[in-house]
Amino acid sequence: MGAPRRGAVRGYRAGGAWSVRGAAAWGVRGAAAWSVRGAAALITVAALGHTLWNGVLEPGVALAFGTLVTVGELARRDRRPGPRAAGRADAFAECPGPVAAEDRRPAPLGSAGALAYALLGQNAGLPSHHGVLQTVAVVVAAALVGVVPHIARGSGPAFDHVARRVLTVAFAAACFQPLYNSGRLEQWLGRSPYLVLFLLFLLFLTALCDAVLAAALAGARTGWPYGPLLRDELRAQRGIGSAICATGVVMALGVAVAGLWALPVFSVPLLLTQMSFHRITAIRTTYRQTITSLARATEIAGYTRPGHSRRVASLSCAVGRELGLSERELTVLEYAALMHDIGQLSLVDPVPDGATAELPAAEARRIAGLGGEVARQTGVPAAVAVVVERQADPYRDQPVAARIVRAVNAYDDLVAGSRHPGGSLAALEQLRLGTGRDYEPEVVESLARVLAREGHDRVVPVPPG
């Protein structure tokens with residue numbers, strides 16, 4: 001293989017600098033998250049204090065919208081978070097898998113009700129006067145009542161969810177209520193169709209604000225790059241997020257004409273949509289469990305070491321996150337990583353310990369091709385089968401997911417085997433020596449950064465440049 005690359009040696013000497021950079025990145029993410037939480041707390045205290053001091057204006061309207069928000073929170077079904085979602089940065093935790101839109105907007109009915117109250121100008125033709133601070137106070141009180149059962153079950157970062165709700169509702173109310181209460185909105189737009197366009201534009205800005213906040217909080221919890229998280233949040237807005245915004249506008253306009261009876265009428269369609277999304281999530285979860293069980297066939301048959309496919313899948317997802325892959329790309333990556341050894345079931349003579357990293361290139365490509373054929377017969381998406389069958393090609397000819405699977409599979413084979421008593425450091429060094437043809441340098445260094453971040457003290461990533 002030749003002597004180690006100079007960059008690798010330089011990386012060993014720069015471990016302290018990388019530790020400082022990693023700590024600084026985590027510090028920035030943490031500061032951003034605490035800024036969001038602190039701003040939400042200040043607004044909440046001001047809103048509750050103002051409302052308690054001055055009393056609740058139009059209590060019937062406040063109670064109706066507060067009840068709607070509470071019911072929406074109670075109706076959501078958060079998945080029990082894995083270690084990463086709970087704040088533990090562990091590359092070997094459960095891979096994220098597909099993320100449905102309702103996982104990002106876990107209470108669509110509550111969100112729509114909160115936005116409708118923020119944009120409420122009239123009730124059955126009579127002007128409302130609740131203002132910005134009372135809007136926030138009612139939504140916060142209702143949301144806190146609704147999240148108590150979820151906190152008791154330990155299902156998700158409920159307080160971050162409430163913080164996002166506070167800031168997004170405060171933003172929407174601050175943009176609408178002063179204009180309406182001062183009469184400027186009536187003077188400028190009246191009841192023309194332009195009012196609906198204005199409300200839709202305002203909700204577009206509110207959804208953008210919510211996506212920015214959600215990505216910041218998720219980045220602080222997981223340590224994943226902010227850009228891909230924001231991109232995924234914006235993509236999620238095109239799904240159920242659009243329904244939430246549309247329902248919020250329709251609710252506000254319906255109550256303005258028909259009164260509070262419009263709330264249950266417009267709530268039913270969104271509640272049914274929420275139930276449909278829950279069913280889709282359950283189906284996707286079952287599908288993922290089926291693929292995981294199929295991938296374990298190689299372990300049960302003794303072709304691979306116990307836990308190999310799970311380790312490769314979870315670590316591949318961590319590397320994919322580090323490289324900025326989207327949720328859809330991560331789903332393909334996870335499925336392909338789980339099934340990457342499925343071709344060994346077609347072999348008469350199994351590979352010792354299932355370690356394909358040291359096989360001749362032609363034999364590795366043959367096994368990968370067999371795996372692609374098996375994967376296609378199982379009915380997985382075509383992109384998954386492509387990654388499986390091309391994982392043994394030279395990295396310049398591979399899709400990104402196949403490059404990740406190849407490097408991570410080789411790493412797990414080397415670490416789990418007896419070739420490298422030095423563990424992670426020796427295994428990564430061999431991967432670095434193979435970056436001329438077999439492994440993409442960026443993937444290897446992303447793997448090193450993930451391992452270093454997860455507490456593998458002897459692993460030192462190579463600094464960029």
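**View 1. V450 in helix α19 of the predicted model.** V450 lies within helix α19, which covers residues 441-453, in a model that is predicted. The relative accessibility of V450 is 0%, and the residue therefore counts as buried, the cut-off being under 20%. The C-alpha atoms of V450 and E322 are separated by 7.4 Å, although the two residues are 128 residues apart along the chain.

**View 2. Burial of helix α5.** Helix α5, formed by residues 108-118, is mostly covered, with 11 of its 11 residues buried. Among these buried residues are P108, L109, L115 and Y117. The buried set of α5 also includes G110, S111, A112, G113, A114, A116 and A118.

**View 3. Helix α9 and the residue that follows.** Helix α9 is made up of residues 193-222. Its 30 residues should span 44 Å at 1.5 Å a residue, and the computed separation of 43 Å between its end C-alpha atoms agrees with this. After α9 comes G223, which has a positive phi near 80 degrees.

**View 4. Nonpolar surface patch involving helix α9.** A nonpolar patch on the surface is formed by Y194, V196, L197, L200 and L253, whose accessible area together is about 450 Å². Helix α9 supplies the largest share of this patch, namely 4 residues. An α-helix has 3.6 residues a turn, so residues three or four places apart point the same way.

**View 5. L197 within the patch.** L197 belongs to helix α9 and is one of the residues of the nonpolar patch. Because its relative accessibility is 52%, L197 counts as exposed, a class that requires over 50%.

Technical notes. Residues numbered from 1 in each chain as written. Predicted model: local features only at pLDDT ≥ 70, side-chain atom pairs only at ≥ 80, totals over all residues. Heavy atoms only, no water. Patch = residues over 30% accessible without salt bridge, like charges linked within 9 Å, V, L, I, M, F, W, Y side chains within 5 Å. Areas by Shrake-Rupley, 256 points an atom, 1.4 Å probe, with all protein chains shown as cover. Salt bridge = Lys/Arg side-chain N within 4 Å of Asp/Glu carboxyl O. Helix = DSSP H or I, 4+ residues; strand = E, 2+ residues; numbered from the N terminus. Buried < 20%, exposed > 50% of the residue type's maximum accessible area, 1.4 Å probe, protein only. Expected span 1.5 Å × (residues − 1).
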